[in-house]
Amino acid sequence: MRSVLHGDFEHAASLLRPVLNGLSAQHQPSRLLSAGTIALILGDLVTARQVLGQALAIARSEAVPTLLPRILEHLAYAELRAGRHHQARVHAEAGLEAAAEHPQRNVTAGLSAVLALAASIAGDPAAVAAHAQAALSTAHAHGLSQVRTLAEWARARADLGHGNADHAAARLAPLVGAGPRQGHFGLRMMVVPCYVEAAVLAGHDIDAHPDVAPLLGQYGRWASLGADPQAPAIVLRCRALLAGDEDSEALFTSALAEHEKVDSPYEHARTHLAYGMWLRRRRRPGEARAQLRSAVMGFEHCGADVWTQQADAELRAAGETPTTAPSAASGTPPLPQLTPQQLRIAHSVAQGATNREVARQLSISTRTVEYHLRNIFTQLGVRSRVALARRLEP
């Protein structure tokens with residue numbers, strides 16, 4: 001563990017791997033739980049899921065109820081790390097049910113944080129808020145840094161998924177920086193990619209967030225240590241977001257090639273989406289649609305509803321024609337034919353977003369939003385944002 005703390009994963013692995021192998025060969029749930037914990041530290045997610053699954057089966061068969069919540073917490077976290085959010089949610093919910101019979105306050109907080117992270121991609125802000133608050137109330141009272149980091153990360157991911165990049169960046173900045181409010185040492189690097197993306201989308205200019213480039217450098221060095229199998233692809237995606245046009249495309253392509261080496265459906269879809277958005281904003285809609293279709297399918301596969309909606313909206317903005325036209329409510333006059341971009345702007349404004357917020361969500365200028373909004377008002381025959389909301393309500 002001293003080697004882990006100093007970033008020497010090669011030495012740590014040489015010491016921990018024999019321990020992992022020895023513990024994995026035993027059929028005691030407590031030993032298998034320790035083996036799963038070591039596998040998570042080493043980034044060996046396949047082994048972690050395997051031995052923790054065995055620990056769960058044995059604990060259930062041998063009726064070891066006090067150990068069940070802890071095993072389920074670690075198994076849920078392992079599934080989350082592997083990008084399997086549905087499985088993580090199932091295990092976390094089972095863990096909370098088991099913990100209710102044998103109260104373990106800190107374990108319950110950890111399970112709630114995992115549920116918040118799983119819900120953060122499913123498009124249910126109320127569920128994220130409830131689970132995160134349940135986790136934080138215990139984390140703050142008992143000094144649980146890991147739980148606090150997971151819960152705040154969940155809140156930020158939900159913000160980012162709903163287009164609130166400013167809020168996401170503000171939540172994550174303390175977790176990735178130095179100081180008394182910094183996040184858990186073992187999770188800090190895992191949070192960096194989300195912060196980089198939020199900062200880029202919120203600032204549109206790297207100069208607005210001078211800490212981003214050094215953090216990404218640290219993340220790149222961490223990714224090379226092998227602690228997270230998804231990290232090599234993610235660091236390339238982050239570099240593509242920060243690079244100039246000449247380098248971004250090559251970096252996105254390299255990121256997708258790295259994703260092919262690891263089974264990481266959620267992060268793979270995130271890279272397809274980022275690349276598709278980049279292509280669309282450079283007026284290459286045909287190539288953008290190919291990437292965005294892959295993003296939609298990837299997000300659907302892992303139940304990331306909020307990101308599915310975002311990718312689908314990008315796909316329509318890139319010129320994808322929906323297979324079925326939405327039916328109008330009975331007695332409601334049909335909407336005039338708005339462009340995909342106009343529809344996105346209209347719905348965002350109707351939901352209360354300012355022109356500046358819409359511009360940031362869509363990565364366009366405020367002047368472009370104002371131009372589209374004037375045309376929308378004219379086409380729909382409305383004169384105010386309130387009237388626009390009423391017109392779109394059906």
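Which residues are linked in a network of salt bridges? In this predicted model, where local features need pLDDT of at least 70, side-chain atom pairs count only at pLDDT 80 or more, and totals for chains, interfaces and linings use all residues, the network joins E152, R155, D159 and R171. Residues are numbered from 1 along each chain as its sequence is written, and side-chain values use heavy atoms, with hydrogens and water left out.

A salt bridge here is a side-chain nitrogen of Lys or Arg within 4 Å of a carboxyl oxygen of Asp or Glu. By that rule the count comes to 15 salt bridges. Take D263 and R84, whose side chains meet with N to O at 2.4 Å. This pair ties together distant parts of the chain, 179 residues apart: D263 sits in the loop between helix 14 (245-259) and helix 15 (265-280), and R84 in the loop between helix 5 (68-81) and helix 6 (85-101). Helices are DSSP runs of H or I, at least four residues, numbered from the N terminus. R84 counts as buried because its relative accessibility is 19%, buried being under 20% relative accessible area, exposed over 50% and partly exposed in between (1.4 Å probe, protein chains only).

R284 lies in the loop between helix 15 and helix 16 (285-301), while E249 belongs to helix 14, 35 residues apart. Both ends are partly exposed, R284 at 23% and E249 at 25%.

Technical notes. Helices (H or I, at least four residues) and strands (E, at least two) are DSSP runs, numbered from the N terminus.
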